[in-house]
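Reader: I would like a close look at one strand and its pairing partners, and then at the side-chain interactions elsewhere in the chain. Please take them in a connected order.

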Amino acid sequence: MTTTTFSTPRDLLRYAVTRFNGAKLFFGHGSAEAIDEAAYLILHTLKLPLDKLDPFLDARLLPEEVLQVLAVIERRVVERVPAAYITNEAWLGSYSFYVDERVLVPRSFIAELIPNAFSPWVADPEAVENVLELCTGSGCLAIMMADAFPNAVVDAVDISGDALAVAERNIRDYKLEGRVNPIESDLYQNVPFKKYDLIVSNPPYVNSDSMAKLPPEYLREPQIALAGGADGMDLVRKIVDGAAERLTPEGILVVEIGNEREYAEAAFGALGLTWLTTSIGDDAVFLLTAEQLTK
């Protein structure tokens with residue numbers, strides 16, 4: 001196969017979809033299916049607008065452009081690298097973030113709740129002064145919360161110095177130095193003591209049985225950011241246990257647990273979990289108030 005086999009993005013799109021489907025790639029990092037991911041990778045590689053494929057489908061490509069796209073397609077198929085690591089870009093809603101292999105590819109359902117400032121649980125977003133995000137990774141949720149709560153300082157915590165280096169880059173890109181503070185800490189351990197109006201976390205929560213069945217794409221991510229122990233609740237227990245003394249009297253704790261609702265109910269159901277609605281349903285994110293945590 002030579003570059004002359006392909007002359008347009010349409011040719012490359014057809015080829016990429018065939019290769020992706022033939023390789024049985026897993027699409028869990030922002031794209032729903034092969035054609036979506038192929039279109040994204042082609043447009044990004046060619047430096048074209050990501051939301052405008054149709055006008056360029058039949059554009060004539062230079063041989064070097066074809067080679068660039070083919071190299072990306074091959075890397076995605078052969079190495080099973082998530083697309084976000086190839087492009088060093090991930091999107092949450094309208095926000096774009098730098099990512100690489102030091103952090104998970106952002107895909108938190110909490111991101112869907114931030115634009116509405118966790119309404120109705122937060123009555124006045126402008127009154128929120130202190131927010132704590134545990135397990136921040138790339139810093140994406142912390143950055144989004146800095147926008148949603150314009151008067152708040154957001155402490156963004158992660159145990160991984162490598163992850164925080166990525167977070168710091170994103171914080172700089174959004175010019176939020178001084179409002180979003182990266183802190184290297186094992187959960188609450190190194191966090192200066194103060195009271196928070198809001199504690200948010202998308203921690204490692206994949207149970208050990210599920211970890212053993214992860215697709216190759218997920219195995220390219222930092223496993224420390226995925227593995228949550230036998231029932232997925234190892235870190236979640238510590239987060240819940242430590243939240244009461246860190247929350248203001250009217251504060252709330254919001255935690256994502258993905259597909260682990262059964263285990264979360266077994267561990268914390270007696271507290272009276274409130275399950276928040278996201279695009280995946282009512283099973284992925286729970287909320288507890290400071291009052292519930294101090295009973």
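Author: In this predicted model, strand β7 is joined to strand β9 (residues 281–289) by five bridges, and the two run antiparallel. Within that pairing, Ile252 stands opposite Thr289 in β9. Strand β7 also pairs with strand β6 (residues 196–201), here in the parallel sense and again over five bridges, and in this case Val200 is the residue that stands opposite Val254 in β7. Of the 10 residues of β7 (residues 247–256), eight are buried, and the strand is therefore largely enclosed by the rest of the structure.

A polar atom of the Asp231 side chain lies 3.0 Å from the backbone nitrogen of Met233, while a polar contact of 2.5 Å joins the side chains of Asp231 and Arg237. When neighbours within four places in sequence are left aside, the residues in contact with Asp231 are Asn207, Arg237, Glu260 and Tyr263.

The charged side chains come next. Side chains of opposite charge can pair when their charged atoms come close. The count of salt bridges in the model comes to 15. One of these salt bridges links Glu79 with Arg75, with the closest N and O atoms 3.4 Å apart; Glu79 is partly exposed at 36% relative accessibility, and Arg75 is likewise partly exposed, at 28%. A salt bridge is also formed by the side chains of Glu217 and Arg80, at 2.8 Å from N to O. Glu217 lies in helix α8 (residues 216–219) and Arg80 in the loop between α3 (63–78) and α4 (83–87), so this pair ties together parts that are 137 residues apart in sequence. Both Glu217 and Arg80 are buried.

A further salt bridge joins Arg107 and Glu221, whose closest N and O atoms are 2.8 Å apart. This pair, too, links distant parts of the chain, with Arg107 in the loop between β2 (95–97) and β3 (130–134) and Glu221 in the loop between α8 and α9 (234–243), 114 residues apart. Arg107 is partly exposed, with a relative accessible area of 25%, whereas Glu221, at 3% relative accessibility, counts as buried. Salt bridges that share partners also join Glu37, Arg76, Arg80 and Glu217 into one network.

Tyr95 counts as buried at 17% relative accessibility, and Phe97 is buried at 1%. Together with Tyr174, the residues Tyr95 and Phe97 form one aromatic cluster.

Key. Residues numbered from 1 in each chain as written. Predicted model: local features only at pLDDT ≥ 70, side-chain atom pairs only at ≥ 80, totals over all residues. Heavy atoms only, no water. Salt bridge = Lys/Arg side-chain N within 4 Å of Asp/Glu carboxyl O. Buried < 20%, exposed > 50% of the residue type's maximum accessible area, 1.4 Å probe, protein only. Helix = DSSP H or I, 4+ residues; strand = E, 2+ residues; numbered from the N terminus. Pairing = 2+ DSSP bridges. Polar contact = N/O pair within 3.5 Å; in protein donor to acceptor, adjacent residues only side chain to side chain. Contact = heavy atoms within 4.5 Å. Phe/Tyr/Trp six-rings, centres within 6.5 Å; stacked < 30°, edge-to-face > 60°.
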